Amino acid sequence: MAVLVAPTKSNLIKAKAALDLSNKGFELLDKKRNVLIKEMMSLVDRAKAIQGNIYVTLQEAYDQLQNVNITTGIKNVENITRSIPKDEEFDILLKSVMGVDIPTIKYSKMPVKPSYGFHNTNPALDAAAERFRTVRYMMYELAEIDNSVFKLAKEIQKTQKRTNALQHIQIPRYKEQVKYIQEALEEKEREDFFRLKRVKKRSAQ
């Protein structure tokens, strides 16, 4: 490894300071990377659990819907669903995890208020509507987690590149500089010492 630096005490101090700063930077980035990975893996586990719950709840909702279709007729159910108003009130907020902005969906879980009459309907329709509403809330949470995992993964990748640069390029370079300058200064001190001895010897003669 080429060390293009003059072997002076001033440069030795600078090289040691740069090495110390690089080591501290690496330690901080390594801790950040570990925290981000832990956070991401926790979210991945949550996402898997929510996906499983969504599948089960959707299956229950479609079973109830099928029951309604059979008992009241598909055409009647279609007409009823058209009368259900869209309720998509939510806010997207941001929270910071180790400097990474993570989206948070804020919403209120409201009870189901039937917008249809009870004539020509049955409890299975209410049960299906409740389950579909539950799935929607779970989809909010899943979307939040998926987006968070994506952002964390990008930040982990960026942090990994920076730690690699410190570990494999900057730190070895500064170590080599310190070693080179120290050895050069020690060699110069030895030469000066022997030169001084020769001068003293000549003076004594």
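**Salt bridges and cores**

Visitor: How many salt bridges does the chain have?
Guide: This is a predicted model. A pair counts when a side-chain nitrogen of Lys or Arg is within 4 Å of a carboxyl oxygen of Asp or Glu. By this rule the count is eight.

Visitor: Which residue forms a salt bridge with Arg33, and is Arg33 buried or exposed?
Guide: The partner is Asp30, with the closest N and O atoms 2.0 Å apart. Both residues sit in helix H1, three residues apart, so about one helical turn separates them. Asp30 is partly exposed, at 22% relative accessible area. Arg33 has 14% relative accessibility, and the cut-off for buried is under 20%, so Arg33 is buried.

Visitor: How many residues apart in sequence are the parts that Arg131 and Glu60 tie together?
Guide: The side chains of Arg131 and Glu60 meet in a salt bridge, 3.2 Å from N to O. Arg131 lies in helix H3 and Glu60 in helix H1, so the pair ties together parts whose separation in sequence is 71 residues.

Visitor: What separates Glu187 and Arg190 in helix H3?
Guide: Their side chains meet in a salt bridge, 2.7 Å from N to O. Glu187 is partly exposed at 35%, and Arg190 is partly exposed at 43%. The two are three residues apart in helix H3, so the separation is about one helical turn.

Visitor: Which element gives the most residues to the largest nonpolar core?
Guide: That core has 16 residues, and Leu36, Ile50, Ile54, Ile145 and Leu152 have the most contacts inside it. Two or more residues come from each of H1, strand E2 (100-106) and helix H3 (123-204). With seven residues, the top contributor is H3.

Visitor: Which residues does Ile54 touch, not counting those up to four places away in sequence?
Guide: Ile54 is among the residues with the most contacts inside the largest core. Leaving out those sequence neighbours, Ile54 touches Val135, Met138, Met139 and Leu142.

Visitor: Which element has the lowest mean pLDDT?
Guide: The chain averages a pLDDT of 83, and 85% of the residues score at least 70. Helix H1 (residues 9-72) has the highest mean, 91. Where pLDDT is low, the predicted coordinates should not be read in detail. The lowest mean, 73, belongs to helix H2 (residues 74-82).

Definitions and conventions
Residues are numbered from 1 along each chain as its sequence is written. This is a predicted model: local features need pLDDT of at least 70, side-chain atom pairs count only at pLDDT 80 or more; totals for chains, interfaces and linings use all residues. Side-chain values use heavy atoms; hydrogens and water are left out. pLDDT is the predictor's confidence in each residue, from 0 to 100. Helices (H or I, at least four residues) and strands (E, at least two) are DSSP runs, numbered from the N terminus. A nonpolar core is a set of buried Ala, Val, Leu, Ile, Met, Phe, Trp, Tyr and Cys residues joined through side-chain atoms within 4.5 Å. Buried means under 20% relative accessible area, exposed over 50%, partly exposed in between (1.4 Å probe, protein chains only). Contact means heavy atoms within 4.5 Å.
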